[in-house]
Amino acid sequence: MIPRYLRELVDDLKAELPTERPVSVKVVPMSRAFGSTSLSGRNRITVCIAAGLSQEQAEDTLVHEWGHVLHLDTWEDHGDDWGMYQAQAYRILEARRDEE
Ligand SMILES: [Zn+2]
């Protein structure tokens, strides 16, 4: 289960920045990071968001991870491509925040 605000953000991200692979988002206990993105053997992408974050932190973390989701095949950590993709994802979050 993930909070409704994350579910809705995931839906908006998927609609506006579609991915080639299915993506699952989970909220899980994590001790060393706010989030992670990984590719499973079955060609699914899993995004983990740390439990216990504020709504704002969780949303920012999801946007950060969506930058990785969108260019997993050319993973270069936090380089120019990631920055461009996470900026696109961030715009979607900003639009949602403006509506509130
Ligand atoms: Zn990262």
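**Overall fold**

The protein has three helices and three strands. Here helices (H or I, at least four residues) and strands (E, at least two) are DSSP runs, numbered from the N terminus. Along the sequence the pattern reads α-β-β-β-α-α. The radius of gyration is 13 Å, close to the 13 Å that the globule rule gives for 100 residues, so the protein is as compact as a globular protein of that length. That radius is taken over C-alpha atoms, and the globule rule is 2.2 Å times the number of residues to the power 0.38.

This is a predicted model: local features need pLDDT of at least 70, side-chain atom pairs count only at pLDDT 80 or more, and totals for chains, interfaces and linings use all residues. Residues are numbered from 1 along each chain as its sequence is written.

The C-alpha trace spans about 35 × 30 × 20 Å along its principal axes. Of the 100 residues, 22% are buried. A residue is buried if 20 or more other C-beta atoms lie within 10 Å of its own, exposed if 12 or fewer, and partly exposed in between, with C-beta atoms placed from the backbone. Take the contacts between residues at least 6 apart in sequence: 44% of them join residues at least 24 apart. Two residues are in contact if their C-beta atoms, placed from the backbone, lie within 7 Å.

**The sheet**

Now turn to the strands. They form an open sheet of three, in the order E1-E3-E2, with mixed pairing. Two strands pair if DSSP finds at least two bridges between them. E1 and E2 stand at the edges with a single partner strand each, so one side of each has no neighbour in the sheet. Neighbouring strands are turned by 20 degrees against each other on average, direction ignored. Axes are lines fitted to C-alpha atoms, for helices over the stretch in contact, and angles run from 0 to 180 degrees between N-to-C directions.

E1 and E3 run parallel, joined by six bridges. In this pairing, Val27 has Ile49 in E3 as its bridge partner. E2 and E3 run antiparallel, joined by five bridges. Ser36 has Cys48 in E3 as its bridge partner, and Gly35 stands opposite Ile49 in E3.

E2 and E3 also form a hairpin, with five residues between them. Asn43 lies in that loop between E2 and E3. Most residues other than glycine have a negative phi. Asn43 is exposed, with 9 other C-beta atoms within 10 Å.

H2 covers residues 55-69. At 1.5 Å a residue, its 15 residues should span 21 Å, and its end C-alpha atoms are 20 Å apart, which agrees. The expected span is 1.5 Å times one less than the number of residues. H2 lies across E1, E2 and E3, running at about 155 degrees to E3.

The largest nonpolar core has 15 residues. Such a core is a set of buried Ala, Val, Leu, Ile, Met, Phe, Trp, Tyr and Cys residues joined through C-beta atoms within 7 Å. Those with the most contacts inside it are Leu6, Val25, Val47, Ile49, Leu62, Trp66 and Val69. H1, E3 and H2 each supply at least two residues of this core. H2 gives the most, with five residues. Leaving aside neighbours within four places in sequence, Leu6 is in contact with Val25, Ile49, Ala58 and Leu62.

**Towards H3**

His71 sits in the loop between H2 and H3. His71 is partly exposed, with 15 other C-beta atoms within 10 Å. Not counting residues up to four places away in sequence, His71 touches Asp81, Trp82 and Tyr85. The C-alpha atoms of His71 and Trp82 are separated by 6.9 Å, with the two residues 11 apart along the chain.
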